[in-house]
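Keep the sequence and the 3D view open while reading.

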Amino acid sequence: MVRRKTREEWWNEAQQVLNQLEAFNTAHPHATWAEIESAVDGALAGLRRDLLADSVQGHPWSDFRGSEDRPTCPHCGTALRADGQYVRRVRTQGDEDVAIERTRGRCPVCGTGLFPPG
C-alpha cells in the first residue's frame, strides 16, 4: 500500500509552494492578475494532486480486504469481495495524473467489478 505523507512532509510541500510564488513575484513584479493566477494554479497543482491521492489512500475502502465494512455493488446491493490490490491512474480536474493503489471489488452475485469510491 502507498505510504501516506506525514504532517511534516505536508508542511514542507506547502512551504515549497510559497517559495515558488515568492520567486514568481520577484521575477515578475509587474505581472497581471491573469499571470499571477496562472502561477498560483501551477504552484498549487502538485499539492492539490498529492492531497487528493493522500485523502483517497486514507479512505477506509482503499483496502477493505478482511474488513466487515465493505462497499456494496451499485447494481444489486451485495457486499463486494476483495479482488486484489491494483494501481489505478486517474486525472484530476487540474489535469494532473495520479496513481492510487486500491482494493478492487467484485460482486459475488452479479460479477460487477469496480474500484469503490472515496
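Which residues does leucine 47 touch, not counting residues up to four places away in sequence? In this predicted model, leucine 47 touches Trp10, Glu13 and Val17.

**Helix α1**

Helix α1 covers residues 7–27, which makes 21 residues. From its first C-alpha to its last it reaches 30 Å, close to the 30 Å expected at 1.5 Å a residue. Trp10, Glu13, Val17, Leu21 and Phe24 are the buried residues to look for in α1. They lie on the same side of α1, because they cover an arc of only 80 degrees around the axis. The other side of α1 carries exposed residues: Glu8, Trp11, Gln16, Glu22, Thr26 and Ala27. Among what covers the buried residues of α1 is α2, residues 33–57.

**Nonpolar cores**

The largest nonpolar core has eight residues: Trp10, Val17, Leu21, Phe24, Ala31, Ala39, Ala43 and Leu47. Both α1 and α2 give two or more residues to this core, and the largest share, four residues, comes from α1. There is also a second, separate core of five residues, including Phe64, Leu80, Cys107 and Leu114.

| Core | Residues in the core | Members |
|---|---|---|
| Largest | eight residues | Trp10, Val17, Leu21, Phe24, Ala31, Ala39, Ala43, Leu47 |
| Second, separate | five residues | including Phe64, Leu80, Cys107, Leu114 |

**The sheet**

Strands of a sheet pair through backbone hydrogen bonds, and the pairing is either parallel or antiparallel. Here three strands form an open sheet in the order β1-β2-β3, with antiparallel pairing. Why is one side of β1 and of β3 left without a neighbour in the sheet? The strands β1 (81–91) and β3 stand at the edges and each has a single partner strand, so one side of each stays without a neighbour there. Between β1 and β2, which run antiparallel, there are nine bridges. Within this part of the model, tyrosine 86 stands opposite arginine 102 in β2.

**Glycine 111**

The loop between β2 (97–106) and β3 (113–114) holds glycine 111. Is glycine 111 buried or partly exposed? Its relative accessible area is 34%, so glycine 111 is partly exposed; the buried class would need a value under 20%. Glycine 94 is 17 residues from glycine 111 in sequence.

Key:
Residues are numbered from 1 along each chain as its sequence is written. This is a predicted model: local features need pLDDT of at least 70, side-chain atom pairs count only at pLDDT 80 or more; totals for chains, interfaces and linings use all residues. Side-chain values use heavy atoms; hydrogens and water are left out. Buried means under 20% relative accessible area, exposed over 50%, partly exposed in between (1.4 Å probe, protein chains only). The expected span of a helix is 1.5 Å times one less than its number of residues. The arc is that of the directions from the helix axis to the C-beta atoms. Contact means heavy atoms within 4.5 Å. Two strands pair if DSSP finds at least two bridges between them. A nonpolar core is a set of buried Ala, Val, Leu, Ile, Met, Phe, Trp, Tyr and Cys residues joined through side-chain atoms within 4.5 Å.
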